[in-house]
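I am opening my notebook on a new protein. I want to look things up one at a time and write down what I find.

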Amino acid sequence: MKTGGIDASRIESMLAQLKAAAQRPQSDAIGGLAASSGIQQTQGAGKVNFSDALKASLNQVNKVQVEAEQLGKNFTMGDDSVSLSDVMIAGQKANISFQATVQVRNKLVSAYHDIMNMQV
């Protein structure tokens with residue numbers, strides 16, 4: 001099933017990668033993102049706190065977008081050290097990370113609705 005540009009199997013594979021990364025030690029989790037962004041692990045369980053992981057991912061998306069915007073501004077101001085291809089690549093990275101975040105949000109909202117509609 002195709003949902004807005006990223007199919008469900010691709011989202012499921014991303015979630016599987018995130019779950020596998022959460023199983024690794026903190027210094028290795030999510031490519032070092034957990035260690036560098038200050039994600040706190042619960043005591044003794046070795047699990048990543050969901051809210052901290054979510055906040056870290058949103059901060060990473062914001063960082064990529066701010067960097068792309070800054071590169072664009074530098075290019076338009078005539079900075080010779082910034083090429084058009086760098087600006088375009090940074091913009092596409094920011095767009096892809098934002099679209100992935102929107103897709104994850106949509107899946108979370110859908111899961112929330114499914115849970116709320118369950119018969120008890």
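**Ground rules.** I am reading a predicted model, where local features need pLDDT of at least 70, side-chain atom pairs count only at pLDDT 80 or more, and totals for chains, interfaces and linings use all residues. I number residues from 1 along each chain as its sequence is written, and side-chain values use heavy atoms, with hydrogens and water left out.

**Entry 1: the layout.** I looked up the elements and found four helices and two strands. Helices (H or I, at least four residues) and strands (E, at least two) are DSSP runs, numbered from the N terminus. I read their order along the sequence as β-β-α-α-α-α.

Entry 2: How many of the 120 residues count as buried? I noted 18%. Buried means under 20% relative accessible area, exposed over 50%, and partly exposed in between (1.4 Å probe, protein chains only). The protein exposes about 8,900 Å², and carbon and sulfur atoms supply 57% of it. These areas come from the Shrake-Rupley method with a 1.4 Å probe; for residues, only the protein chains shown count as cover.

Entry 3: I checked α3 (50–76) and α4 (84–116). α3 has 27 residues and reaches 39 Å between its first and last C-alpha, close to the 39 Å expected. The expected span is 1.5 Å times one less than the number of residues. The buried residues of α3 include Val61 and Val64. Among those of α4 are Val87 and Val102. After α3 comes glycine 78, with a positive phi near 95 degrees.

**Entry 4: a nonpolar patch.** Which residues form it? I listed Phe50, Leu54, Leu58, Val104 and Leu108, with about 420 Å² of accessible area together. α3 gives the most, three residues. Patch members have over 30% relative accessible area and no salt bridge; nonpolar side chains (Val, Leu, Ile, Met, Phe, Trp, Tyr) are joined within 5 Å, like charges within 9 Å. Leucine 54 is partly exposed, at 34%.

**Entry 5: a charged pair.** I found one salt bridge, meaning a side-chain nitrogen of Lys or Arg within 4 Å of a carboxyl oxygen of Asp or Glu. Lysine 73 and glutamate 69 make it, at 3.5 Å, N to O. They sit four residues apart in α3, so about one helical turn separates them. Lysine 73 is partly exposed at 44%, and glutamate 69 is partly exposed at 47%.
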